[in-house]
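Here is a short report for a reader meeting this protein for the first time. Look over the sequence and the fold, then read on.

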Amino acid sequence: MSESWTRPPPPARSTLVEWARLLKFFRYYRHYGGHSIIEDEFVVALAPDAFTRELGEQLLATARAQGQAPHIDTFDDRVLIGVTDAETYSVTPRSLQASIELESLLTPLAGALLEPPIDSRHCFSPTHHPELWAEHR
């Protein structure tokens with residue numbers, strides 16, 4: 001018999017405000033619909049012409065070294081980079097620290113970062129949830 005599975009609750013508002021304060025580029029994304037093993041993740045998007053294979057390899061290696069299950073998805077208008085814990089497929093304190101470290105690699109490309117990374121209310125960005133960014137200022 002399989003164990004009953006219950007989706008974890010979303011982060012508290014205070015946690016979302018703290019993440020808004022700590023993360024310059026990555027945004028929290030809460031998956032929905034039950035179609036993915038990933039519960040939630042931190043995501044960032046770059047313009048495709050700013051992304052290189054070397055950068056991708058460096059981002060993946062850095063995230064994996066911190067126990068993350070990173071992914072890079074290429075679309076016509078963006079390259080999406082996601083970070084989630086390799087054990088829980090949710091964001092954890094390790095995911096937060098990995099995202100902060102990855103941001104240092106992305107800082108030289110700040111002008112090529114796309115906001116929001118995913119155009120959805122499930123992506124907690126200044127575009128869809130400006131109140132979170134207003135609270136931490």
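## Overall layout

Helices (H or I, at least four residues) and strands (E, at least two) are DSSP runs, numbered from the N terminus. The protein has four helices and six strands. Along the sequence they follow the pattern α-β-β-α-β-β-α-β-β-α.

This is a predicted model: local features need pLDDT of at least 70, side-chain atom pairs count only at pLDDT 80 or more, and totals for chains, interfaces and linings use all residues. Residues are numbered from 1 along each chain as its sequence is written, and side-chain values use heavy atoms, with hydrogens and water left out.

## Surface and burial

The accessible surface comes to about 7600 Å². Carbon and sulfur atoms hold 55% of that surface. Accessible areas come from the Shrake-Rupley method with a 1.4 Å probe; for residues, only the protein chains shown count as cover.

Of the 137 residues, 47% count as buried. Buried means under 20% relative accessible area, exposed over 50%, and partly exposed in between (1.4 Å probe, protein chains only). Contact means heavy atoms within 4.5 Å. Among contacts between residues at least 6 apart in sequence, 62% join residues at least 24 apart.

## Two nonpolar cores

A nonpolar core is a set of buried Ala, Val, Leu, Ile, Met, Phe, Trp, Tyr and Cys residues joined through side-chain atoms within 4.5 Å. The largest one has 30 residues. W19, F26, F42, L46 and L106 have the most contacts inside it. At least two residues of this core come from each of α1 (13-22), β2 (40-46), α2 (53-65), β4 (79-83), α3 (93-106) and α4 (130-135). A second, separate core has six residues, including Y29, V43, L80 and I118.

Leaving aside neighbours within four places in sequence, F26 is in contact with F42, V43, V44, I81, V83, S99, L102, E103 and L106.

Two strands pair if DSSP finds at least two bridges between them. β2 pairs in the antiparallel sense with β1 (residues 27-30) over four bridges. Here R30 stands opposite D40. β2 and β4 are also antiparallel, over five bridges, and F42 has V83 of β4 as its bridge partner. With β5 (residues 113-114), β2 forms an antiparallel pair over two bridges. There A45 stands opposite L114.
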